[in-house]
2 protein chains.
Amino acid sequence: MHDLIRVIVLGTGQMGSRIARLVLEKPALVLAGACAKRSDREGVDIGRVIGLDSDLGLPVYTDLTAAIEIVRPHVAIQANCSTLAETKQPIAKLLQSGVHVISIAEEMSYPSATSPQLAEEIRRIAVSRGVAVVGTGINPGFMLDLLIIVLTGVCTDIQSITGTRVNDLSFYGPSVLKRQGVGLPPEEFREGLAKGTVVGHVGFPQSIHMIAGAIGWEIERIEEHREPIISTVRRKTPFATVEPGCCAGCLHSAVAYRRGAPVIKLIHPQQIRPHLEGVETGDTLEIKGTPDIRISGSPEVPGGIATAALAVNMIPRVLSAPPGLHSMADLPVPVAMLGGDRELVPQTRQEHRRG
Amino acid sequence: MHDLIRVIVLGTGQMGSRIARLVLEKPALVLAGACAKRSDREGVDIGRVIGLDSDLGLPVYTDLTAAIEIVRPHVAIQANCSTLAETKQPIAKLLQSGVHVISIAEEMSYPSATSPQLAEEIRRIAVSRGVAVVGTGINPGFMLDLLIIVLTGVCTDIQSITGTRVNDLSFYGPSVLKRQGVGLPPEEFREGLAKGTVVGHVGFPQSIHMIAGAIGWEIERIEEHREPIISTVRRKTPFATVEPGCCAGCLHSAVAYRRGAPVIKLIHPQQIRPHLEGVETGDTLEIKGTPDIRISGSPEVPGGIATAALAVNMIPRVLSAPPGLHSMADLPVPVAMLGGDRELVPQTRQEHRRG
């Protein structure tokens, strides 16, 4: 019988809460703690913060060092940032404390894409402390990189790769919608792009370098394009209203060049209520090569739940990985962690209640 | 710079030849030798046997022990059998000689499905000699198992799994067509099933146990069904003719039960010229769970080329795997081995000519 795995979740927002709830469902895992950025959450019961009906008898911490010392986690799931700049300090602290790390920060899915130096620093700390760290998520981390890489496994030759993910942002909150320019008139969308308040998707360089690294292609440059998706109808969600003529979201794409030719193209239009204009959501992956491969699914794999699932499902993979910094392409594939037929659910629950 | 990897191919039939030709195309690999079952191929030049325009200056061997001693391979690709009974002796010999093994024998994709004892024996030899062995192929080995397992990675919960592969046998030779009952009147198809000359697909128990093993399900029983695909039109390939009322192939399916309920269903109709009756070929994978997942592609990923690609693309994965017996679900994902931008093609070719 294995020991239960003690998990700490960094972040108590929408994603952190979802992940913490999922950890509670898994017989092999114990939710050992949660760490928030917002100081008003210090000491509040985790159950209340993550949207449960009852308290868990465990306080939220806001100081990571204290949290690590008190809850002694085996693994941390980082769910409260996007950029390497934000992730760096907490990840270094966790690794130095001997805690494995799974991050859903987009830039952590392939950190050398934006900072080879920082990636090397993280790798070194992980190796020196004998722990592993990986970045994951639906995108980057799975749909437009890992799944493409898996499909290349049946190819003897590849000319080009195209991945398209058309998704629906209707269920996302204001911070996500703002980054996609949802609701803005076209001129304000363009101003937002210039100012950096409208960013579109974060993750193209990471996905491209993960694919290229796996199949051994040297990428010369990546061109990214961001266009407003201008709605002809009124679109509305609890968090945003788009008037006709305004932006329903952002059509963001990236093209990577090798030897002067475009070889990887990733296309990711994100908007609210796409169906109001007959836009079908979905994921489509295409490889031009020997043989040609094309698979697709509609609607798209839902991002929020899939990212939470990946973060939790990667726990066994990270615990058994060699020490160091990994990408999703380096480790055995993620597998649904179901609390299978050979696990002892009652004992686990007891352990969880003990805390 | 890495040393070139010396590969021996077991089998000089359609698949063995295809794999050998593919090895020759890869800058990181050297085709070190080939081993045939047919005694009349002893000493014949490999180039002639595998369908090249010119000789390679390397003889085909028929004695595996001699071949291993002379060509000193790092890794062997076994492409001349389907069952564990056939694979066992050559695999044991290769492993005992310190050679890594990749097998496309269907039963090797998950050997414990039919013989846990033999699987354990193979594992022990591999561990004792510090080498790794894995079974692969399009099916079993990829489409109806590994790819499904990867997709479970985005799920928090799974009720059931269905995989369907509708393929076209038109390009296959007589031995494959015979095993699918192609051309037989229905009553002879049924007799062939009873006698074991018509077998349909080999691989359902392997795929099912690979999936179940990955997600932790205990399978109570597997039911397999084989039905003739009766053609209403005349269908013809270079190797078979099907008259109306006769069998164009075999509709083979399998259902796996867990806790009394059907949880994994794999459906694999194989026939020649499916398009003559409007049958669209393709691969479809469905997970009922949280979230529901459904992806599909049409036409099907072509089996012959994909199996050869997987066998070759798994070479780096097997060389860096821990010693022992692996399944496709245990190792990092297969990746197209393209002879990328960082490899030295001319030097490799030279090395290949030296033999």
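**Note on a predicted two-chain model**

1. Arg72(A) is exposed, with a relative accessible area of 59%. (Exposed means over 50%, buried under 20% and partly exposed in between, with a 1.4 Å probe and protein chains only.) Arg72(A) is not a glycine, yet its phi is positive, about 45°. Its place is the loop between α3 (64-71) and β4 (75-78) of chain A. (Helices are DSSP runs of H or I with at least four residues, strands are E runs of at least two, and both are numbered from the N terminus.)

2. Some ground rules. This is a predicted model, where local features need pLDDT of at least 70, side-chain atom pairs count only at pLDDT 80 or more, and totals for chains, interfaces and linings use all residues. Residues are numbered from 1 along each chain as its sequence is written, chains are lettered from A and ligands numbered from 1 in the order in which they are written, and side-chain values use heavy atoms, with hydrogens and water left out.

3. Arg273(A) also deserves a look. Its phi is near 45°, positive in a residue other than glycine. Arg273(A) lies in the loop between β12 (261-271) and β13 of chain A. At 28% relative accessibility, it counts as partly exposed. Most residues other than glycine have a negative phi, and most peptide bonds are trans.

4. Now the peptide bonds. Asn139(A) and Pro140(A) are joined by a cis bond, with omega about 5°. Pro140(A) sits in the loop between β6 (132-135) and α6 (146-152) of chain A. In chain B, the bond from Asn139(B) to Pro140(B) is cis, with omega near 0°. Pro140(B) is in the loop between β6 (132-135) and α6 (146-152) of chain B.

5. How do the chains relate? A rotation of 180° with 0.0 Å of shift along its axis places chain A on chain B, at an RMSD of 0.0 Å. In chain A, the C-alpha nearest the axis belongs to Pro332(A), 1.9 Å away. Both copies use the same surface: 100% of the contact residues of chain A (heavy atoms within 4.5 Å) recur in chain B.

Notes. Least-squares fit on C-alpha atoms with pLDDT ≥ 70 in both.
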